[in-house]
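Visitor: I'm new here and I'd like to know how labels like these get decided. Can you walk me through it?

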Amino acid sequence: MKFINRVVRFMYGRYGIDDLYKFLFKLFFCLVLINLIFHNTILFYIELFLFVIAIYRVLSKNIYRRRKENDRFLNIKKKLLKPFSNLKRNYRDRKTYVYKKCRYCKTTLRLPLPSKRGINHVKCPECKKRLTLFSLRKEKIEIIRTKRKEMKNV
């Protein structure tokens, strides 16, 4: 119990573990496993550098800077993983909804699966434009060109 209290007291006022630390540590661990196979000295120094940076971030008392670095990392991570989250969402809702983008305002629309085959019409809640959707099967719907009359209003 005394050891845990000492660690807690030592870590008081320090930044601690965050998402960037977890990423650096996972990358470090993967590189260690790769280096066990290939025995490369350059890879060893990269591992060492990642380990030192990760430990430095955990023990740092400059909380403002570490938080700023973590926020930048999270923004980059969010931009890189956004297409995959859309794929995950589309797969999860594949039996009840279809997601399409409005041609005019580029808003993603969550549409229920059509009850009938053929041409269906949907009104975008953002730009209030009418979209024509075409469905060959009950599972899929696609946005197709709108009528010429609607194109003149744009």
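Visitor: Why is phenylalanine 25 called partly exposed?

Guide: Its relative accessible area is 37%. Buried means under 20%, exposed means over 50%, and partly exposed is in between (1.4 Å probe, protein chains only). So phenylalanine 25, at 37%, counts as partly exposed. By the way, this is a predicted model: local features need pLDDT of at least 70, side-chain atom pairs count only at pLDDT 80 or more, and totals for chains, interfaces and linings use all residues. Residues are numbered from 1 along each chain as its sequence is written, and side-chain values use heavy atoms, with hydrogens and water left out.

Visitor: And what makes cysteine 30 partly exposed?

Guide: Cysteine 30 has 43% relative accessibility, so it also falls between the 20% and 50% limits.

Visitor: Is cysteine 105 buried, partly exposed or exposed?

Guide: Partly exposed, because its relative accessibility is 29%.

Visitor: What makes a group of residues a nonpolar core?

Guide: The members are buried Ala, Val, Leu, Ile, Met, Phe, Trp, Tyr and Cys residues, joined through side-chain atoms within 4.5 Å. The largest one here has 10 residues, including Leu20, Phe28, Leu50 and Phe73.
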